[in-house]
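Thanks, everyone. Please have the viewer open.

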Protein chains: 2
Amino acid sequence: MNYTPAAEIERRIKKFQAKLVAQELDGALLLLNADLYYFTGTVQNSFLYIPAGGEPVLMVRRSVSRGRTESPLTNIVPIRSPKEMPDILASFGYRDVKRVGMELDVLPFNLYQTYRKLFSPAELSDVSPLIKEIRAIKTPHEIGLLRQALQVVDKAFQAVPSFLKEGMTELEAAALFEAELRQRGYAGCCKMRSFNQEFFYGNVCSGSSGFDPSFFDGPVGGSGACPSHPQGAGWKKISRNEVVYIDYTSLIEGYTGDQSRVFCIGELSPQLVKAFEAALAIQKAVLASIKPGTLAEEPYLLALKLAEEMGYKDHFMGYKDHQVKFLGHGIGLELDEWPIFAKGMKTPLQPGMTFALEPKFVFPEGAIGTENSFVMTETGPEYLSITPEVITYLP
Amino acid sequence: MNYTPAAEIERRIKKFQAKLVAQELDGALLLLNADLYYFTGTVQNSFLYIPAGGEPVLMVRRSVSRGRTESPLTNIVPIRSPKEMPDILASFGYRDVKRVGMELDVLPFNLYQTYRKLFSPAELSDVSPLIKEIRAIKTPHEIGLLRQALQVVDKAFQAVPSFLKEGMTELEAAALFEAELRQRGYAGCCKMRSFNQEFFYGNVCSGSSGFDPSFFDGPVGGSGACPSHPQGAGWKKISRNEVVYIDYTSLIEGYTGDQSRVFCIGELSPQLVKAFEAALAIQKAVLASIKPGTLAEEPYLLALKLAEEMGYKDHFMGYKDHQVKFLGHGIGLELDEWPIFAKGMKTPLQPGMTFALEPKFVFPEGAIGTENSFVMTETGPEYLSITPEVITYLP
C-alpha cells in the first residue's frame, strides 16, 4: 500500500487552517470519505476535527488500527458514537467552540440536525468551498498519482483492438475494457460530489447509442443497461462502419483520470471523421489559449465559438436541447472538482490544477470527439494522457 | 428496454398518497434517483411532485423525451430551473402548499435551504421513512426482477472454476468475476442510501485479506486496492490451501441481489470447514424460525446465540472489536433497504419483503460463511439464490 506522505498531510492541514482562521471558525468537522482521505490519508468510519490552530483529531469508529497504519496524524482515537465527540474534543483542549465548519454541500439534512444539536449552541458553517479551493491545486505527489491513472487507462485503450469485435454488445465491450482497468488497480467507486450524480466507470456507445440523452451531466449519454441506470453501455450490438465511442475514468491510488478515444470496425462516415478533426482543432486552439490567469469560462466560450463557426452549433457537447454547457472539469479525488470550464466561471487557472477537457459532438449516427487529462503548468496545460489521438480503425 | 408497468407505478403512488394524507402533508417533492425510478419508472434529471391527492407531475431538466418514453405518468413536463417549480405546480392546481415532504435523509443541507426558500412559507418534512416502508414490500413484478439478478450472479459464480488460478491477484479475480456480471447487464452504481457508504460491486478476499477490517458496514472488509478505497479486492495473490471468499451484488434491471460463496484451490483447514458448516447450520435454524410477524431483530439474536454456543463469539460477523451487529439487510433498488436484521429492530417481517442473510465468520486465516437472497412468503423465507451452497474445491 502507498500511504500519503506526512509532509503532504501537514501542508494540506496548514492551508485549511489558514482559511478557517480567515473565516473566523473555531474548527471544522469533516465526514466525507474524499475529504477524510485528503486530510488524513485514510478512509475509516470516522470523524475528523481540524481546529483553526493545533493538531487535528481523528475519531474512528472502525477501524482504529487501520487508521493508525495508514494515516500520519498523531491523534487517532477510538469513538463509539458521535455523542462522545464533544468530550473527546474537550480532552484535547477543543471546547466552547462557537463556529464549526462542516461539509454542508453533501451532509444530509437529518445528519445536519444531529450535529447541530451535538455542537449546540455553536453555529455550523459550510466549509466545502474552502476544501474545494485547496484541493483544486495539486502537489507534485498528486500529479504523479494522476499520471499513473492515465498510464493505466492508456493500457486499457491499447487493448481495445484485441477484444473489440463486430456483433458484441456494448456491455460486453464495457466488461472487457473495465476488466483491463480493474486488474491494474481501478479502486472502486468513482466519487462525484454533486448530489444524485451516480457515476460508474465510463461509457461505451456504438453508433446511434451515442445519440441517446441521459440525466448525467456530460455531453454523451448512452442507453445504459436498463431504465434504472439509463447511461453508458447498453445492449446494442456493435456494427461495422459505425463509431465506437469509449470514455472512461481511471481511478488509481485515489486519483481519477478521464479520457475518451474512438474506434471503428471498418470505415467511418466523412461527417464523423470531419467532426473528429474539428474536435482536435478546437482542443489545439483551446490549449494554446490557456495560460495561468485564464478564467475557467474562457476555454469553454472559445470552444463554443469555434464549434459554431465550424457549423456545429446543434452538435457541440450534445445534440440541440440536450447540450451541456461546459467544456471540462477538474479531476482529482472526485470527478467533479474545480475548476469547471463553463460560462460564468471566473476562477483564474493556476499551476497545479488538473482537469479534463472534452470537446465532443453528437449526431444521430453517433458521438465523437476527444477527451484528455491535463495539468496546468507555469506556461500552460501539459498532457497527462499519453494515448495517441487518432481514430483507431479495425479490420 | 423493460419498462415498469403502469399498474405498478399507480399502485406505488396510491400507497404513498395514503401515507401523505395520514401525515397531513400536501404533497412530496422527490429527487433521489432510486425513488424517482420507483415512482415514475424513469431516472432523469428531474423533480417529482406527488400530491396527497391527484396526478403526480414529473418536471424534467433532461431528458424530457426519454422520460416520456420510459415512464407511464401522464404529466411529464420540461423545466429549466427549480425556480420554475412553484409556477409549474400551480398550473396543475397544486398551490398554497403548507407542508411538503422531501427525502431529508439524503438531501444535502445546502439543497434543503434552496428548497425551503422555494416553497416558503411551507414546512419541509421528512418522508423517507414512508418511502422505505412502501419499498420494503415487493410486488411479484419486483420479485421477478430480483430472481433475474440472482440468476445472473449464479452464472458468475458458476464461471469461477474456469478462471480462478493460483498466483492471480484478488483484483484480477475481481475483474473477471465482475466482467461475468457486467456482460450480462450489471447496470452500474449499486445504490446505498446511507451517507458516505460507498459500495462497488462486491468483494474478493483470499486468506488473510478477509481479516482486514474496513470502514464499510459489513462483516468482511478486505484490503482494497489502495488506502482511498480500503475495502474489497486488493493486490494479494491467491494461494493454494486458503479460502477465497467471494461476495457480490448483482444489479439487474434496477434490482440488487446479494450472495457469497467460498472457493479453495487445494484444501481448506479443518477450522474453516467447520466454520462454514456452522454458518449453514445457523442459516438453517434462522430460516426455520422466520414466519410472518417475526421481528427483524429476532433472526440476528438467534444467530448470535447459536454462534456463541458454538464457540464463535469472537468471530461472528467480524473479528472481535470489528464485529458488525446485524445478520442481514433488505434488498431492492438499494442495498441497504428495510428490514434490517439487527438488535432493536422491531419491524415485523411481512410477505413480499426481500432480503439477504449473511452468517459469516472472520479468522486471522480468512473469512468464511454464506450469504443468500430471500423473499418472504406467507409461510417463511424462500430462496431467491440458486447456487449450490458448498465450498468449491479446485485442483
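This is a predicted model: local features need pLDDT of at least 70, side-chain atom pairs count only at pLDDT 80 or more; totals for chains, interfaces and linings use all residues.

Let me begin with the two chains. How is chain A laid on chain B? It takes a turn of 180° with a shift of 0.0 Å along the axis, and the RMSD comes out at 0.0 Å. The two copies are therefore related as by a two-fold rotation axis. Both copies use the same surface, in that 100% of the contact residues of chain A recur in chain B.

Next, a helix pair in chain A. Go to α9(A), residues 270–289, and α10(A), residues 297–309. Their axes are 10 Å apart, and the packing angle is about 145°. The crossing of α9(A) past α10(A) is right-handed. Which residues meet there? From α9(A) we have I282(A), A285(A), V286(A) and S289(A). Facing them from α10(A) are P299(A), L302(A), A303(A), L306(A) and A307(A). Sorted by class, that contact has 8 nonpolar residues, 1 polar residue and no charged ones.

Now to the backbone, for which I switch to chain B. As background, most peptide bonds are trans, and most residues other than glycine have a negative phi. Here are some exceptions.

On the peptide bonds: S120(B) and P121(B) are joined by a cis bond, with omega at about 5°. P121(B) sits in the loop that runs between α5, 109–118, and β6, 123–126, of chain B. Another cis bond joins W338(B) to P339(B), with omega at about 0°. Where is P339(B) placed? It is in a strand, namely β11 of chain B, residues 337–342.

On phi: N196(B) is not a glycine, yet its phi is positive, about 70°. You will find N196(B) in the loop between α8, 170–182, and β7, 202–206, of chain B. N241(B) is another residue other than glycine with a positive phi, in this case near 60°. The loop that holds N241(B) lies between β7 and β8, 243–252, of chain B.

Is each of these asparagines buried or partly exposed? N196(B) has a relative accessible area of 18%; buried means under 20%, so N196(B) counts as buried. N241(B) is at 45% relative accessibility, so N241(B) counts as partly exposed.

That is what I have; comments are welcome.

Note on methods
Residues are numbered from 1 along each chain as its sequence is written. Chains are lettered from A and ligands numbered from 1 in the order in which they are written. Side-chain values use heavy atoms; hydrogens and water are left out. Axes are lines fitted to C-alpha atoms, for helices over the stretch in contact, and angles run from 0 to 180 degrees between N-to-C directions. Helices (H or I, at least four residues) and strands (E, at least two) are DSSP runs, numbered from the N terminus. A crossing is left-handed if the near helix is turned anticlockwise from the far one by less than a right angle, and right-handed if clockwise. Contact means heavy atoms within 4.5 Å. Ala, Val, Leu, Ile, Met, Phe, Trp, Tyr, Cys and Pro count as nonpolar, Asp, Glu, Lys and Arg as charged, and the others, Gly among them, as polar. Buried means under 20% relative accessible area, exposed over 50%, partly exposed in between (1.4 Å probe, protein chains only). Copies are superposed by least squares on the C-alpha atoms of residues with pLDDT of at least 70 in both.
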